[in-house]
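Trainee: I would like to go through the terms used for this model and see what each one rests on. Please set the values against the cut-offs.

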Amino acid sequence: MAEVTSELMYELLKKLNHRFDKVDIAISELRADNQTLRSQLHVLQGDVNNLRVTIGHVENRLDRIENRLELRELQEAQARFDPHP
């Protein structure tokens with residue numbers, strides 16, 4: 001079995017330190033990717049909210065159009081059956 005010397009321990013610690021540096025870099029990259037994804041998700045949520053508002057406006061306009069058509073149809077029906085126009 002190999003003898004454990006200070007030099008061997010020093011080399012092992014240097015290698016461990018180098019690997020920890022790589023892990024720190026990888027974690028930093030993951031954090032940056034996570035932040036990018038969160039930002040994109042935030043933008044996407046804003047777009048969805050804008051679409052909901054737009055759909056709400058379209059629904060309101062459609063309701064008004066439908067009401068006008070019903071009123072017009074009612075007036076036309078009354079005009080056909082009214083003996084004194």
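Trainee: Why is Glu 11 called partly exposed?

Mentor: Its relative accessible area is 37%. Buried means under 20%, exposed means over 50%, and partly exposed is in between, with a 1.4 Å probe and protein chains only. At 37%, Glu 11 is therefore partly exposed. Before going on: this is a predicted model, where local features need pLDDT of at least 70 and side-chain atom pairs count only at pLDDT 80 or more, while totals for chains, interfaces and linings use all residues. Residues are numbered from 1 along each chain as its sequence is written, and side-chain values use heavy atoms, with hydrogens and water left out.

Trainee: What makes Glu 11 and Lys 14 a salt bridge?

Mentor: The closest N and O atoms of Glu 11 and Lys 14 are 3.6 Å apart. A salt bridge is a side-chain nitrogen of Lys or Arg within 4 Å of a carboxyl oxygen of Asp or Glu, so this pair qualifies. The two residues are 3 apart in helix 1, which means a separation of about one helical turn. Lys 14 counts as partly exposed, because its relative accessibility is 43%.

Trainee: How many salt bridges are found in the whole structure?

Mentor: The search finds 2. Besides Glu 11 with Lys 14, there is Glu 76 with Arg 72, at 3.8 Å from N to O. Glu 76 and Arg 72 are 4 residues apart in helix 1, about one turn. Arg 72 is exposed because its relative accessible area is 53%, whereas Glu 76, at 40%, is partly exposed.

Trainee: What is helix 1, and how many helices and strands does the chain have?

Mentor: Helix 1 covers residues 6–81, and the chain has 1 helix and 0 strands. Both kinds are DSSP runs numbered from the N terminus: helices are H or I with at least four residues, strands are E with at least two.

Trainee: Which residues form the nonpolar patch on the surface?

Mentor: Val 4, Leu 8, Met 9 and Leu 12, with about 350 Å² of accessible area together. Patch members have over 30% relative accessible area and no salt bridge; nonpolar side chains (Val, Leu, Ile, Met, Phe, Trp, Tyr) are joined within 5 Å, like charges within 9 Å. Leu 8 lies in helix 1 and has 37%, so it passes the area cut-off.

Trainee: Which residues gather in the patch of negative charge?

Mentor: Glu 59, Asp 63, Glu 66, Glu 70 and Glu 73. Asp and Glu count as negative, Lys and Arg as positive, and His and the chain ends are not counted. Glu 59 is partly exposed because its relative accessible area is 47%, and Glu 73 counts as exposed because its value is 51%.

Notes. Accessible areas come from the Shrake-Rupley method with a 1.4 Å probe; for residues, only the protein chains shown count as cover. The place of a charge is taken as NZ of Lys, CZ of Arg, CG of Asp or CD of Glu.
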